[in-house]
Every structure is written in structure tokens, then in C-alpha cells.
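Q: Please take a close look at one part of this model. Then place that part in its wider setting.

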Amino acid sequence: MSSSTSSLEKRHRQLGLTDGEYARILELLGRTPGDVELAMLSLMWSEHCGYKHSRQLLRRLPKEGRQVLMGPGENAGAVDVGAGLAVAFKVESHNHPSAVEPFQGAATGVGGILRDVFAVGARPIAVLDSLRFGEPSASGRSRYLLDRAVAGIGHYGNSIGVPTVGGEIYFEDSYEQNCLVNAMCLGLAPHDRLIRSAAAGPGNVVILLGALTGRDGIGGASVLASAELGEGDEAKRPSVQIGDPFTEKKLLECCLELLDRELLVSLQDLGAAGLTSAASEMASKGGVGLTLDLCQIPLREPGMEPFEIMVSESQERMLCVATPERVGEVLGVCERWEVAATTIGCVTEGGRFRVLHRGVAVADLPVSVLVDDCPLYDLEPSPPVADLYSGSDAVLTGSESPAQTLLALLRSANIASRRPVFEQYDPIVQSRTVRRPDEADAAVLTLGGRADSPAIAVSIDGNGRRVACDPRRGAAEAVYECAANLACVGAEPLGLTNCLNFGNPEKSHVAWQLTEAVEGLAEACDVLGIPVVGGNVSLYNEAPTGPIFPTPVVGVVGRLADARRAGRLGFAREGDAIGLVGPFEPSLAGSELAKLLGRPPVGELPTVQAAPVRDAHDTVRNGIRSGALQNAHDIAEGGLVVALSECCIAGGIGASVRLPDGLDPFGEAPGRGFIVSGSPAALGGFVVIGTVAGERLRIDGLLDLAVSELRDARERGLTEWV
Amino acid sequence: MKFGVVRFPGSCDDIDALQAAARVGDAVLLWHADHDLQGVDAVIVPGGFSYGDYLRPGAIARFAPVMAEVEEFGREGGLVLGICNGFQVLCEAGLLPGALLPNVSLKFVFRQVEVEVVSTTGPFTGACGVADRLSIPVKHTTGRYYAPEAELDRLEAAGQVLLRYAPGHNPNGSLRDVAGVCNERGNVFGLMPHPEHAVDPLGGSTDGLRIFESMRAHVEQHVLA
């Protein structure tokens, strides 16, 4: 074996390829790959780009629906929302960059998902975030990550003029080293404005738009996103990209104008694996080849190697294809928006990806090898033989009074008011927001300027603690819970996006969590008839201390009949009857109370009866739509009594309640139970458990607390840490 | 009555301001690189992050080509309304007294606040009553109004403080709870709260509309009449 071969083999391991994968590359190419080719292959064959451990599993998810306009495979999925309008949306992770450098990691997470959405021709109209950190009370590192990640999200979203309308945050020990930052974006476009990323038309011109290409983010997809975190991760900081929302704002407006004027054949964002991924995906989808000339690419610094240019993850860049006669107009629009635009290559026949540098081909390989030939691995799932997670430090002993228990739950980091966080985000820019954070269970946005314009609702959910208990039911619950949030504002679900945040899939117990969770998601989507239109998988979320809680995060978008009747979560009127809706049979397994008692996340979760859950969602949705219900709130973390407290706090009014016999006041069964209120006549057919009245929450035989005391507890929970 | 809304690179609330103004009159966008105000009766410098707010909010935007025309328009008595980033731009341009400093919290703050109307004699608050409370959202990182004590005394005495945060509603540490000030002549007004985000019952408040209605009434009575 020659020395050059052995050093190259070593190189493939440094780049994250296995020996088997490297052997496959030799076989496919029939020769040794060049440096640039190997760098490109290592990224395209990484878990992050190639989905090699998850692609087969994801086939299980239902994707069909009359309303689906774009399904998985495009930059974002899209559904029909009526009136000729489409909403495109997707959630994506930026976990490892955020764990290494939280401000830029979170900021560029937002920047990336925005580009995914305007890449399909939709104007971004809303962002939501799903965040996970370690316990803020126990860890300075967790407080630092929380503070900087929230600041980074605000920095990007606020500056670019896209409202952050919702989200969720949970704190658990298992996220201490490996925090999760998932960002979801929704965009709006007329149906005929949606554009796909497939390059077409040999002879057409490839144009790179936006920021200069630099050395930031090199190897982000392979080095950071497709390996476990460990010691010495500070050294990976250079792999984190730096965001510039101002450049992206100009890029966004510029791309939307290019599409408005119908100047483009296709458009694609540059995300993970930079130009390599963007260009090869475009070529693959169009069944064409591409030739790129690296000397044309504007660089941030001189002397960059060809492989660096090809894998750079510099932010705020887009790639588009235009016919030769349109190029002048394209460049003119870009000039007006002060967006750099450079022709860097052309579309070719024959399906080869050629990269030229100073006239020499530094890469010349079939597009299919990059995109389609990434080996797929079967998971080898088996349930864990021992418990994977231990309990948190106990906050309660179990001997507290119900009132003390309630106050402790309201103060707990997972239930306390999110105000200190959401006040750092602009939820109203673009003037569409009808329900802001803390007003309702889901955000509501109107899509036109008129009161009778179509409106949508959106929510994002996932409870890792419950998935840790029972991956299949816990994942299904995330779907039920998210749909329940939509029902509370009167919306019917149209489509779902998901981000699967799991540990190392090469470990059988993680493979089992992943397999079970996908099955649970699929079951719940089938029950509720919600198609999955896109998503993202983030694996290798492990620190030396072990894997994170398995955390499937789901975002659901739905449609409202009338924005003026969008539901609220707060009780509204003195004298209204309070109803309990749904097959709500809560238990303490995986609950917040169990956590506060120091119990580990183990135990079987209650089963879900499909038809009664569906009926409950319909009842609440129809009650809100007809105006019969004055409020609706899904019973989630902390159970019925916490949910009642939230309705009282949001409405600034008390309630007198008698709990049904045998119902655990703090037990949980997410997505199956709702608190609603309305006139006693309107609630004739409901299970009535009390009345809206006074300034106290009184529960027969259990507790009697002033609403102000409940509010104080809930408001103070996070202010200490944020 | 025709409003013009300036659009800088990085403006975010430009379309919001355009839509709000269009509820009471005609409204057009004014491109930052043009030297043309298109014959508008009032100019709105909107919120957002012009030029990324890099360097200092408003510091770059004040040099945009269109600002030369806006300054001249203001000097000649035309109505100029600066909202949030627009307020910062007008202070940087020297059209308004004082400066906006980083919030005491050093963080971005979004909040629905109440502001009290202090004076109703000028063109921007004529449709309000003295001591009326308006529910209008704020959203900014750099909104703490500052001017030297003597200047604040002078502004108050001259009736240039048009809006104040209601007790307990000051979100940023602004001196003397100043939420909005006008120039000496009264035709240029800047405020940190976003009246264009309080114009539709779907959004929760329509109090902000009164600022735009005041401007229309003034123009119709004094300019177009």
C-alpha cells in the first residue's frame, strides 16, 4: 500500500466516513476520490445530510392528504389553506452548534429555517422555537445556554422582521450537556408562486446570491451534527456559523422579488454542507448535471482551498438557476437590494457534478453518487436492559398539602410563565398576529388584511420526559397535544412537521427509542388524519453522561374558519359553567409532579382511545367556532389543577370546582383532556365541574388559593434564571 | 391625504406602517435610495433594523439619500412621524431632541404598554384627550429616552413631551417616562411604542389608530384646506 493511499484512508476517518463507506466510494467511482470529492462525499454521506440511519424509518409516516401541495423532500412542506394561498413550513434542529456556541448557534438555526421557507417562494410569516436545557437551578452552564440561545433567536428573528409567535421550553438534566434548539418557520405564498429546487434546462445559468463564502462552518454537518458531543468541544467553535440577519433580510426581499417577477427556474438555500449539498440536491432533483467554477465565487478571504469553498457553511447564501436571457434582470434586482450575485456555473446534461478550479476539474463525479448512493443502515433496535435515566433531585417529599404542591408546580421551571423568554421576541411584526403567547394554546395568524381573510393556527410540542417513559405513546401524545392546542383556538389540523432529536442510533436502545417513537407519531397522525409534510432528524445527541431524553418535536399547522372567533385560554365571564371534555384518565407516570418528587421517567403511560380523543377535539373545535365556548385550554403538564390555575390567571378571575371522583388532581394525559367554559345553557351536554367566580381558585376538599397567589408563583418561576 | 413610508434596507415595520396609514388615507412606500417624496403630505420613518442597526441604531440610515428630502420636508413644516427605529433615525438626524439608549435590562423587550397622552395641541395627538391612556405595544432593545435634565425641563415646559408611559409601564428606563417627543415646531414626532401595531381589533387594541387619525385631521384642516 502506498503512503499516499494510507494517508487518504486516514483522512476519510477524520472526515467521519467509515472504512466500509470508503470502500463503497472506491467501488462506485472505480478510482480513488480526490481531496475535494472526498470532502464532498463525507458531508453528503453524513447522517445530517444523508439520513442514513433514519430514511427507511421515516417511510412509515403518513404523507398523503388532499391539502398537501409539497411533501417531504423539498426545502419545506406546504399545505393549501384556502383562497388560493399556501402555507409552507418546516422545523429544523441546530442542537450541536448551540451547545458549542449558543448565541450564534441559535441565531443561525433561525436563519437557516427562514431560508428553507423562502427557498420555496414563501414569505416567512412566523417562527416558533422548541428549546431544551439542563436544570437552570442546578447548572450555571444551563443558565448560560438558555440566556444566550434566547438572545440569539431574538437577535435574528427580531432583526429580520419575522415574528416569533410561539414555542416551548423544557428543562431536564439529560439536556445539560446537549441542549436542543429546534426552530420552525411558516411562510405564505399564493399556490402558483411556490417554486421547487430542481435545476432544469442544460445551458441555464447557476447564480450564487448573498454573503461572501468564508471559512466558517467548515464540517458543520459532519463534525458537529453527526457525532456525539464530548470533551474539548470548545475547539469545534470554528465549525459554528456566524449569522448576519441584515444580509439575510436583504436576501429574503431580493429572492421574493426575483420570484414575483418570475425570473428564476429554481431556487435553493445553502445550509448544511453548503454549496456541495445545495448544488447536488438541485441537480439530483432535476436529473441534470452541474459545472461550477470555484474561481467565480466571491471569497471572504484569499487562499481558500477548493474543498473549503465547496463545504463552507457561510450563512445568508442562496443558489438559483435562471435562463441565460434572464441573467441580466436577475443581477439588476440583486443590485437594487444590495445583494451580491455572481454567475458561478451552468446546468449540463448527463448528471455529472463537475467542479473547476483554475481550469482544472477538482471534482467530477456522478450526482447520484453524492445524493442517492449514501448507504442506508438498518437500525438494530432493542429495548434498554436497564433504566437509562435517573430521577432529578426531589423538590417535594409527597407530604405537602395540595395547595403547596400546586404552588410548587406553578413555580417549577417546566410550568412557570415563559414571559421572561417571550418578551425578548417580537410576536407582532407583519401585523398578522391574532393570538400572542399566553393568550391561547396556539398562535393564531390572519393571512390577509380583512377580518374574513383565511387564518391559521400553529403550535409546537414535545415532552421528552414522557417519551423517555414510553417512546411510542409519548411520541403519539406530542401529536395529540399539538392538535389539542389547535382545537382550543378552533383550528383543524392540516399538516405536521417534526424534528426527531435522539441519541446515537448505532446504540440499540436509542434505535429502539427512535423506532418506537416514529411508530407512535405515525399512529397518532393516522388517527387524526394529519399528513407529515416534512421534517428533520437530529441524532447523536449524547454527552459522555448519556443520551438526551428521546425528543420528537412536532409542529402542526391548522386552519380557522374565522379569526375573530379564535379561542382564548383564560376564563372570561363570572357565572360561566366550567366543563371537562375528553377521555381524560390521567396518571402520575412521567408527570411533572413525579419529576418534582424525584422519580425517574419510567412507567407505562395511559393508553389513548382513538375515537373518543378525536371526538373531544371536534367538540372543542366546534364549540369555539360556534362561539358557544368562552375559553378552551388543553390539560397538559401538571394536570387538571394546574390547567385550571392557568385559565384563572389568564382570565384574571377565579373558579369554584369539584373534581370528578377518583381523578388525580396532578396526573397527566396530554392531548385527551380540555377545560372549557361557557354559559350554563351552552354547556348543557358537557361534564360540568364548576363555575367561574370570584377571585380565588376553590377546589372542594383540596385547596383554596387567591388567583393573585397563583399568578405570583407562576410569574416568578423563571425570572430568577432569565 | 397621502402618507409616505420610508423603506430602508432592514426596515421591518414598513408594510405595517403602510397598512395602518392606508386605514385613514392613501399610503406609498418611499425607497431609501431615491430623492423623491412623491408629493406626500406626511412622512413615516418606520420601525425595524435599518442597515442592521449595526454601528448604532439609526446612525447609518440618517445618511440614506431619501433622508435629505425628509429633513428638508421637516424643516419646511411637513409632518414627519418616526416610530421606534424611525424615532432613533430622527434623533440621529438632529430632527428631534435627545437620544435613545439601550434598555436598562440590556435586552430586547416586547410588551403591550399603556401610554398617557400629555399634550393634544399638536398634529399628532389632536384626536386624543389629555390624560387618555392608549394601549400600544413596544418592541425594542434601544428605547431608553435620554436628554440632559435641563433639556428635559425645557421639553416638558414647551409641551414637547406628547406621550408618557403610564405609571408602572415604563419598559426601558426612559427618563421621566418619556415615550414620545416632538420638535419645537411640533411637526416632527418620534415615539418608541408602535401605533401601527394597534389599529385592528383582531390585534387587541385600536388605540394607535388615533395617531394616524390626528395626522389626517391636521393635514386636512391646515394643509389641504
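This is a predicted model: local features need pLDDT of at least 70, side-chain atom pairs count only at pLDDT 80 or more; totals for chains, interfaces and linings use all residues.

How many bridges join strand S7 (residues 205-210) of chain A to strand S11 (residues 341-348) of chain A, and do the two run parallel or antiparallel?

A: Five bridges join S7(A) to S11(A), and the two strands run antiparallel. Strands (E, at least two residues) and helices (H or I, at least four) are DSSP runs, numbered from the N terminus. Two strands pair if DSSP finds at least two bridges between them.

Residues are numbered from 1 along each chain as its sequence is written, and chains are lettered from A and ligands numbered from 1 in the order in which they are written.

Now widen the view. S7(A) and S11(A) sit side by side in an open sheet of seven strands, ordered S8-S10-S7-S11-S9-S12-S13, with mixed pairing. The edges are strand S8 (266-269) and strand S13 (360-366) of chain A. Each has a single partner strand, so one side of each is left without a neighbour in the sheet. From one strand to the next, the twist averages 20 degrees (axes are lines fitted to C-alpha atoms; angles run from 0 to 180 degrees between N-to-C directions).

Elsewhere in chain A, look at A:Gly575. This residue lies in the loop between strand S21 (551-560) and strand S22 (577-581). A:Gly575 counts as exposed because it has 10 C-beta neighbours inside 10 Å (exposed means 12 or fewer, buried 20 or more, partly exposed in between; C-beta atoms are placed from the backbone). Leaving aside residues up to four places away in sequence, A:Gly575 touches A:Thr691, A:Val692 and A:Ala693. Contact means C-beta atoms within 7 Å.

Chain B has its own strand pair. S1(B) (residues 2-7) and S2(B) (residues 26-31) pair in the parallel sense over six bridges. There, B:Arg7 has B:Trp31 as its bridge partner. The path from S1(B) through H1(B) to S2(B) is a right-handed β-α-β crossover (clockwise over the helix, with the strands pointing away from the viewer).

The chains also meet. In that interface, 21 residues of chain B are in contact with 25 residues of chain A. H1(B) (14-22), S6(B) (109-117) and S7(B) (133-140) each supply at least two residues of chain B's side. S6(B) gives the most, with three. The predictor gives the complex an ipTM of 0.96 and a pTM of 0.95.

Technical notes
Two residues are in contact if their C-beta atoms, placed from the backbone, lie within 7 Å.
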